[in-house]
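Try each task before you read its solution.

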Amino acid sequence: MKPLAHVPTHIVTGFLGSGKSTLIRRLIDAKPPGERWVVIVNEFGKVGIDQALFGTSSDVKVRALPGGCLCCQLAVVLKAALVEVLRRERPDRVIIEPSGLGHPSGLIRLLGDRDFAGVLELREVITLLDPRRLDDERCRDHETFRDQLAVADGLVVAMTDLATPAQLERLDAWLRERRPAFRWVERIRHGELAIERLLQGERRDAAVMPRSLLHVRSGSRPSDEESDGAGNPAPCLTPGAATVEVGVALGYQTLGWRWHPAERFGLDQFMARLAELPSDCRVKAVIHADQGWKSYHRVAGVDTIDASQWRRDSRLEIICPVDQRLDENAWSLALNACRIR
């Protein structure tokens, strides 16, 4: 059995809609042959959309931890998840994506605990920044937004193709004035960060995971095919009905739906409903549509639709500021009307 020692561990953080999941998917596409990766994704909402959007691969294991912040509320859950997935998968590399509303400083402290040295090795923390956020006072003054930038070793300026020349000039001025400066700054489009930034990233601190914990037998757990991606039993879905999850925290509301995989939706009708949402809502979905299984993203009002490998259920998650709070009952009725009967 391959020994577990000093496994490179990367944190990829950034505010809501900064493009973290897209960047990680591109990195997976460029993964060196023969490397086995574990990706742990923490989502602010409870339905676990990102796990569905990553797809499946024999050499990349995606583990979802939805419904909270692994930097604080889910810290104990993260430790348990790491123990299990490391023991089972024996990865060559670990990538952790905290929630866009999570404080990564708490996660760094967790991974840097001396009691957990010897198995994981924390590398440079990568923070994504959409330069348009610097114009948004609600983001600029948000504690989490500032925390994510404060811990960054490397800064990835994403979505540069969507920013105006004036916004890019303000970004340049902000970077010149920032102290201390980032180790490196990379400007990208479409999530295309060079894989060398990950593979050659410098060690940040001694990292984590007590060797003794890796040999503790856990209790019986559902398989990934029988679970929600976080090791919890999958909800029982019934054709004709949806499970709905609602939450409010950190100034944002989350609404999430799951439907039985046999349910189908009219794609044009479904998209028309989502177009009615305020432009600053963050939207992710995987649905069984009349045109096949589709994944959907909306970031800063820009929609992206792709084919999806996910087949276990249809999922939708909406995250919006609480001052634009949505009526979950009205939205459930509107979405139900998009079903093909």
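A residue counts as buried when its relative accessible area is under 20%. Keep in mind that this is a predicted model.

**Exercise 1.** Work out whether glycine 256 is buried or exposed.

*Solution.* Start with where to look: glycine 256 sits in strand β11, residues 252-259. Next, take its relative accessible area, which is 3%, so glycine 256 is buried.

**Exercise 2.** Decide why aspartate 147 counts as buried, then find what it touches.

*Solution.* First, locate aspartate 147: it belongs to helix α6. Its relative accessibility is 13%, and therefore it counts as buried. Then list its contacts, skipping neighbours within four places in sequence: His103, Pro104 and Ser105. Now widen the view to the rest of α6 (residues 143-150), where Thr144, Phe145, Gln148 and Leu149 are buried along with Asp147. The cover over these buried residues includes β1 (7-14), α4, β6 (126-129), α5 (137-140), β7 (154-157) and α7 (165-177).

**Exercise 3.** Describe how helices α3 and α4 pack: what is the crossing angle, and which residues meet?

*Solution.* Begin with the axes. Those of α3 (residues 75-89) and α4 (residues 104-111) come within 11 Å and cross at roughly 45°. That angle is why α3 is called oblique to α4. For handedness, α3 passes α4 in a right-handed crossing. As background for the spacing, an α-helix has 3.6 residues a turn, so residues three or four places apart point the same way.

**Exercise 4.** Find which residues have the most contacts inside the largest nonpolar core, and which element gives the most to it.

*Solution.* The largest nonpolar core holds 23 residues, and Leu23, Ile24, Trp37, Val39 and Val156 have the most contacts inside it. Then see who contributes: α1 (20-29), β2 (37-43), β3 (60-66), β6 and α8 (195-199) supply at least two residues each. The biggest giver is α1, with four residues. Last, zoom in on valine 156. Leaving out residues up to four places away in sequence, it touches Leu23, Ile126, Thr127, Leu128, Leu129, Trp184, Glu186, Ile188 and Leu193.

How values were computed. Residues numbered from 1 in each chain as written. Predicted model: local features only at pLDDT ≥ 70, side-chain atom pairs only at ≥ 80, totals over all residues. Heavy atoms only, no water. Axes fitted to C-alpha atoms, helices over the stretch in contact; angles between N-to-C directions. Parallel < 35°, antiparallel > 145°, perpendicular 65-115°, else oblique. Left-handed = near helix turned anticlockwise from the far one by under 90°. Buried < 20%, exposed > 50% of the residue type's maximum accessible area, 1.4 Å probe, protein only. Contact = heavy atoms within 4.5 Å. Core = buried A, V, L, I, M, F, W, Y, C linked by side-chain atoms within 4.5 Å.
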